[in-house]
Amino acid sequence: MGEPALLRLPPPRLAGGGVGASSRLAPLAALAAFAALTVAAPGVAWARRARSRSAGARRTPTPARPVADGATAAPRGSVRGVHGELVYVALGRADGAHEGQRLLIEGHPELTLTVLHVGAHQLVARPAPASGARRAGAGVRAGMTVAPPTPAPPEPKPTPKPPAALPRVRATPPAQAAARWASVRARGGPRVTFDGGSGEAGASRRRETRVRGDLTLTYGGVYQGGAASAAVPLDLHSLRLRSRLQVQRGAWDWAHDVTARLDLGPRLASRPGAGSRPPLALRRARVGYRSQAWGDAGVGQRAPQPPAGSLGARLGRLWVSSASSTGLLDGLAGHLSLGRGLTLALHGGLVPARLDLAPSTDLAAAGGALRWAWAGGPWRASAGLSADGSVWRGRFNRLDVALRGTVTRGSDAYAAARATLSQVPDAAALGDGAPGSTPSLAVSHAYVGGFVRPWSWLQVDAHWAHDRPLLDRELAARVGPLGLPRQPRESLWLRARAELGPRLALWAGGTYGFGGAESDRLGASGGLLLRHLGGLPLRVGAAYRLTQGRAVRAHVGSLDVDVDAGAAWTVGARYELASFQARLLDRWQLEHSVEARASWLERGPWRLSLTAAWVGGDLPWHARVFALVGWRFQ
């Protein structure tokens, strides 16, 4: 998870969006990269569970296997994506999936998958070596249907035998029994009580305690060489330890997310962004309650259609997703199911400091949302209306009213839209009376985007976004009227990816930003990926991207090679050549980057990663090192 930003930024571009950065920003980009890697992949927010569609209407469908009487039909899901050796499948713990389970691909009996990690509605698997899929990729691709082996029919129950006649037992006279128990009590010993599984004690024993989490230790280092810059030193060594824990017992659960960091380097306090690197960052620490009517959806999860009257609440430092301008909150949030897919949510509390996440009483926020969700067959839909207001040091700060909605059809199509109308104090009251000052009422954010798969081998993604920064009392106090962009920004993004068989993938995309002088930006990118060359576990990728804006123009080409060495090891190398021209320079400059990497991911709790890179060219050279050790438990 990256460091908290002072200003609300436009939605992040997906990988390969085509907008590069100046080589002068390469060190900072490296720091952001290793910080992002500390986030465990749980998956993409919109990767919802859906019924799998056919592996291709152009093939003769595989006849469904009959289910024997008394046997339960195995749940089926679709392959959402294939990344190297990892296969992402729309099946999860809610479908009965578990680690180590063997999965089959319909229509391809020679292919089997072994489950590595399981989420609520999505899992990560690896092709089983015994099937040969690991060497050749064996055609595993998005859209294929995956299911566990059909369970065997239950064995017929034997005919119960009539009860056997027991011999008559002579009763012990009461006086003799009392004498025997008196001798037992005289010897002493622990006393054990048993209430037959009823009452509070029995219910307590029936409650299951579930614990899961991870510990991640990372090191990131930047070493400066050549002619060192006296104004902005580059050397930095950062050590981070992140702990995430979720514990659930009955209707109650606890969760925390805390990161401790140690930074070493010259003049750290005078570097840009020094205030956003606290030694201890608390991103979550809350206790939660969920009525049993929500169902067994896992720690921190909710059933898609909870019955009316279901109640949930959270108290502490928590993230409020329905609040468009608040986000992190020290307070209380609750939700109540109204039935028929409707849920009412309320929240309120204090907003921590944006930079170092320290507790603060400057900004207080409260709001609510009304959400609706529906699922039927491969289709899913949701909609929501939310309002979030805040006060800065006792005075009105801003009010945001947002409307959003999504529509999903299995893994074939997804569409999302949202818009936020914001009200802030008049600019003149905040000391911004200059021409071009931001309005007090405007659409501060809007977004329309999604993806579609017209065929199983082609996916097209596109979005349009509008962002207009508005000056509220918080921003006026922290950055001042001159620190806020004056013009709104519009951005368009388009990307297409084609999986042309198990060995070749192609993609191309472009982005265009407009709306103001500081918003004008043009980008394009494209590339290819070759898998299993010569029948070896080898992947080769080549890519090119172009960036053109007011600050810099750049052409960047890259070549990647990855080899699967062993059951869990992956080693790779990367070479990148960048040619760029900064706004204040009259000549083009070259930059070379060489990177080596290795990672180890197994089905067990441990994961390791190591990356080293050297960057040099017309500017002074520098080196980067990133190492990660992770332990996951549950």
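**Aromatic pairs in the predicted model**

Tryptophan 631 is partly exposed, at 32% relative accessibility (buried is under 20% relative accessible area, exposed over 50%, partly exposed in between, with a 1.4 Å probe and protein chains only). The model is predicted, so local features need pLDDT of at least 70 and side-chain atom pairs count only at pLDDT 80 or more, while totals for chains, interfaces and linings use all residues. Residues are numbered from 1 along each chain as its sequence is written, and side-chain values use heavy atoms, with hydrogens and water left out.

Rings of Phe, Tyr and Trp (its six-membered ring) pair if their centres lie within 6.5 Å; planes under 30 degrees apart count as stacked, over 60 as edge-to-face and the rest as tilted. Seven aromatic pairs are counted by this rule. One of them joins tyrosine 414 and phenylalanine 451, which are stacked with 6.1 Å between centres and 25° between planes. Tyrosine 414 belongs to strand E17 (residues 413–423) and phenylalanine 451 to strand E18 (residues 441–455), so the pair ties together parts that are 37 residues apart in sequence. Strands (E, at least two residues) are DSSP runs, numbered from the N terminus. Tyrosine 414 is buried at 14% relative accessibility, and phenylalanine 451 is buried at 6%.

Tryptophan 606 and tryptophan 631 form a tilted pair, at 6.3 Å centre to centre and 35° between the planes. This pair links distant parts of the chain, with tryptophan 606 in strand E27 (residues 606–617) and tryptophan 631 in strand E28 (residues 622–633), 25 residues apart. Tryptophan 606 is partly exposed at 40%. Trp606, Trp631 and Phe633 form one aromatic cluster.

Terms used: Helix = DSSP H or I, 4+ residues; strand = E, 2+ residues; numbered from the N terminus.
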